Amino acid sequence: SWSPNDNKLALSISSLSRNGPFVSNIYVMDPASLQLTNLTSPSDLVRGNPRWSPDGKHILYTVSGSKSCDLYIMNVDGTNPIALTKGNLGFIISESWSPDGDRILFSSKKGDQYLFYTIKADGTDLVTLSKEPSDTSPSWSPDGRYIIFSSKREDGKYHLFIMNADG
């Protein structure tokens with residue numbers, strides 16, 4: 001994803017590990033020089049989906065292991081990585097910053113159930129916004145007051161719904 005001032009790009013690069021499965025790390029690239037800077041330490045984890053905070057000070061990303069996928073946040077220089085979720089919400093499917101950068105909206109899949117949540121950028125105040133197990137693909141409105149999502153809640157077919165951002 002592009003930084004808010006469009007001068008850097010955050011991306012995930014995957015490679016095969018020595019143990020067999022592939023691993024991914026988060027990098028920042030300067031598009032003018034094509035210089036890559038690795039922000040995460042090598043390990044057997046898959047890190048992906050980097051998203052810049054609206055103020056350009058943090059990067060949100062996912063970390064996947066064999067049984068779960070969690071949300072993390074770090075400073076743009078790779079320091080101070082913090083787990084926002086702790087493996088109990090299933091696999092994170094999509095994530096995005098609120099326009100003001102205060103909250104993160106994400107959806108997860110656990111078994112056959114899709115749910116979506118918001119959480120403060122410091123990892124506190126997790127709120128479940130889903131009302132039905134098919135609620136998925138949430139997205140912020142440009143002003144951050146609403147969330148649009150899809151769900152099969154009415155007739156078994158996916159339709160779009162809009163809700164207030166606070167539920």
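This is a predicted model: local features need pLDDT of at least 70, side-chain atom pairs count only at pLDDT 80 or more; totals for chains, interfaces and linings use all residues.
Ser 53 sits in the loop that runs between β4 (46-52) and β5 (58-64). Its relative accessibility is 3%, so Ser 53 counts as buried; the cut-off for that class is under 20%. Beyond four places in sequence, Ser 53 touches Pro 4, His 58 and Trp 97.

Leu 11 belongs to strand β1 (residues 9-16). Leu 11 counts as partly exposed because its relative accessibility is 22%. With residues up to four places away in sequence set aside, Leu 11 touches Asn 25, Ile 26, Tyr 27, Met 29, Leu 36 and Pro 50. Leu 36 is 25 residues from Leu 11 in sequence. The C-alpha atoms of Leu 11 and Leu 36 are 9.6 Å apart in space.

The largest nonpolar core holds 13 residues. Within this core, Leu 60, Leu 71, Leu 84, Ile 104 and Phe 106 touch the most other members. Two or more residues come from each of β6 (69-75), β8 (91-97), β9 (103-110) and β10 (113-120). The contacts of Leu 71 were examined in turn. Neighbours within four places in sequence were left aside. Leu 71 is then in contact with Leu 60, Leu 84, Ile 104 and Phe 106, among others. Its contacts also include Tyr 61, Thr 62, Ile 82 and Ala 83. Thr 85, Ile 92 and Glu 95 are likewise in contact with Leu 71.

An open sheet is formed by 3 strands in the order β12-β13-β14. The pairing in this sheet is antiparallel. Its edge strands are β12 (136-140) and β14 (159-164), and each pairs on one side only. On average, neighbouring strands of the sheet are turned by 25 degrees against each other, direction ignored. Strands of a sheet pair through backbone hydrogen bonds. Between β13 (residues 146-151) and β14, the antiparallel pairing extends over 6 bridges. Ile 147 has Met 163 of β14 as its bridge partner.

Terms used
Residues are numbered from 1 along each chain as its sequence is written. Side-chain values use heavy atoms; hydrogens and water are left out. Helices (H or I, at least four residues) and strands (E, at least two) are DSSP runs, numbered from the N terminus. Buried means under 20% relative accessible area, exposed over 50%, partly exposed in between (1.4 Å probe, protein chains only). Contact means heavy atoms within 4.5 Å. Two strands pair if DSSP finds at least two bridges between them. Axes are lines fitted to C-alpha atoms, for helices over the stretch in contact, and angles run from 0 to 180 degrees between N-to-C directions. A nonpolar core is a set of buried Ala, Val, Leu, Ile, Met, Phe, Trp, Tyr and Cys residues joined through side-chain atoms within 4.5 Å.
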